[in-house]
Amino acid sequence: MLTGTFLLYLFIMLSTTFLATKTQRHKRDGRIAFKFNYFFLAFLIHWFFIAFTRTGVDHDSYIAIIEYDAFRRIAIGEEVGFNGLCIILQRLCNNAEVVILILKTVTLLLFYYSFYLIREKANIGFVVAAYNAWMYLFSFSI
């Protein structure tokens, strides 16, 4: 039976993959024309559904780390970069949910920047489809 969540995931995966395939058009001279607007729309769909979710078994754990435990973790040498970034962002925002939003946004931006860098060497539709299948659903945990 198809659930609403399954249909939502299916919509996200199909729409972003479709939009990503529209970003590239091969020209007669062998070059590839890149349409940034389709690429940006695919990013926006991914971003909207990942950045504003509170899903995943780890969400509450990350909130606790950001609000209460990052200093202790740095003191014992555990994920110093991540915990330090969480401390800085928490001091700036004073809201753990906003910190998670920022971390998710930066993570997705890094993926899409990587996709953009390989736009002339790879089929972006396949790249986004692989990202959807391999990483995107897992990222709902953070």
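**Reading features in a predicted model**

Reader: Is Glu120 buried or exposed?

Author: The terms rest on relative accessible area: buried is under 20%, exposed is over 50%, and partly exposed lies in between, with a 1.4 Å probe and protein chains only. Glu120 has a relative accessibility of 58%, so Glu120 counts as exposed. The model is predicted: local features need pLDDT of at least 70, side-chain atom pairs count only at pLDDT 80 or more, and totals for chains, interfaces and linings use all residues. Residues are numbered from 1 along each chain as its sequence is written, and side-chain values use heavy atoms, with hydrogens and water left out.

Reader: How many helices and strands does the chain have?

Author: Helices (H or I, at least four residues) and strands (E, at least two) are DSSP runs, numbered from the N terminus. The chain has 6 helices and 2 strands, in the order α-β-β-α-α-α-α-α along the sequence. Its C-alpha trace spans about 60 × 40 × 25 Å along the principal axes. Of the 142 residues, 35% are buried.

Reader: How many salt bridges does a search of the whole structure find?

Author: A salt bridge is a side-chain nitrogen of Lys or Arg within 4 Å of a carboxyl oxygen of Asp or Glu. The search finds 5. One of them joins Arg72 to Asp69 at 2.7 Å, N to O. Both residues sit in helix H3, 3 residues apart, about one turn of the helix. Asp69 is buried at 17%, while Arg72 is partly exposed at 44%. Glu78 and Arg73 form another, at 2.3 Å, N to O. Glu78 is partly exposed at 29%, and Arg73 is buried at 17%. Salt bridges with shared partners link Asp69, Arg72, Arg73 and Glu78 into one network. Glu120 pairs with Arg119, with 4.0 Å between the closest N and O atoms.

Reader: Which residues form the patch of positive charge and which the nonpolar patch?

Author: Patches use residues with over 30% relative accessible area and no salt bridge; like charges are joined within 9 Å, and nonpolar side chains (Val, Leu, Ile, Met, Phe, Trp, Tyr) within 5 Å. Lys and Arg count as positive, Asp and Glu as negative, and His and the chain ends are not counted. A charge is placed at NZ of Lys, CZ of Arg, CG of Asp or CD of Glu. Areas come from the Shrake-Rupley method with a 1.4 Å probe, and for residues only the protein chains shown count as cover. The positive patch on the surface consists of Lys22, Arg25, Lys27 and Lys35. Lys27 lies in the loop between strand E1 (24–26) and strand E2 (32–34), and is partly exposed at 33%. The nonpolar patch holds Phe6, Leu7, Leu10 and Leu14, together about 360 Å² of accessible area. Phe6 belongs to helix H1 (residues 4–21) and is partly exposed at 42%.

Reader: Where is Asn94, and what is its phi?

Author: Asn94 lies in the loop between H4 and helix H5 (96–117). Its phi is near 60 degrees, a positive value in a residue other than glycine. Asn94 is exposed at 63%.
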